[in-house]
Amino acid sequence: SGPGPITDKVVCKNLSKFYGKKIRHVALGYNEIIDELKEHGFDNWLNQDFAEFEKVKASGVEEFHSAYTKDFEMLVGRKPETYVEYLASKDSMTLQENPDSAYNQNLEGIDDIVEC
């Protein structure tokens, strides 16, 4: 598992810094998540899995340090990176994730991203 818990609020702040734009996290209910994913063309089984993951997060169980193991380190031979370390490692990102990629340069001017 990862190195420890991280909240959506912290992810939002880190992404805002990383992309240099204010990003807003919008908490959605179970059915809203499924509907939103359907609108983006995801398959039903995947929509339900994503919604179930959000349900687990909402329960708070992932916020306990006891929920994190050393399994990743034992399997891979190194400690898992933190979210901030991942953001600093642009060479491992997809084109859509990397703010320096040509893909994202073409998206300038799109104003979907609003304040946290």
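1. Confidence. The mean pLDDT of the protein is 79, and 80% of its residues reach 70 or more. Residues 109-116 have pLDDT below 50; beyond near neighbours in sequence, the model gives this stretch 16 contacts. Where pLDDT is low, the predicted coordinates should not be read in detail.

2. Helix α1. This helix covers residues 8-19, 12 residues in total. From its first C-alpha to its last it reaches 16 Å, close to the 16 Å expected at 1.5 Å a residue. Gly 20 follows α1 and has a positive phi, near 70°.

3. Burial of α1. Val 11, Cys 12, Asn 14, Leu 15, Ser 16 and Phe 18 are the buried residues of the helix. The elements that cover these buried residues include α5 (83-88).

4. Helix α3. Residues 44-59 form this helix of 16 residues. Its first and last C-alpha atoms are 23 Å apart, close to the 22 Å expected at 1.5 Å a residue. After α3 comes Gly 60, with a positive phi near 90°.

5. Surface patch. A nonpolar patch on the surface is formed by Phe 42, Phe 50 and Phe 53; together these residues have about 300 Å² of accessible area. Phe 42 counts as partly exposed because its relative accessibility is 37%, which lies between the 20% limit for buried and the 50% limit for exposed residues.

Terms used:
Residues numbered from 1 in each chain as written. Predicted model: local features only at pLDDT ≥ 70, side-chain atom pairs only at ≥ 80, totals over all residues. Heavy atoms only, no water. Helix = DSSP H or I, 4+ residues; strand = E, 2+ residues; numbered from the N terminus. Expected span 1.5 Å × (residues − 1). Patch = residues over 30% accessible without salt bridge, like charges linked within 9 Å, V, L, I, M, F, W, Y side chains within 5 Å. Areas by Shrake-Rupley, 256 points an atom, 1.4 Å probe, with all protein chains shown as cover. Salt bridge = Lys/Arg side-chain N within 4 Å of Asp/Glu carboxyl O. Buried < 20%, exposed > 50% of the residue type's maximum accessible area, 1.4 Å probe, protein only. pLDDT = per-residue confidence, 0-100. Contact = heavy atoms within 4.5 Å.
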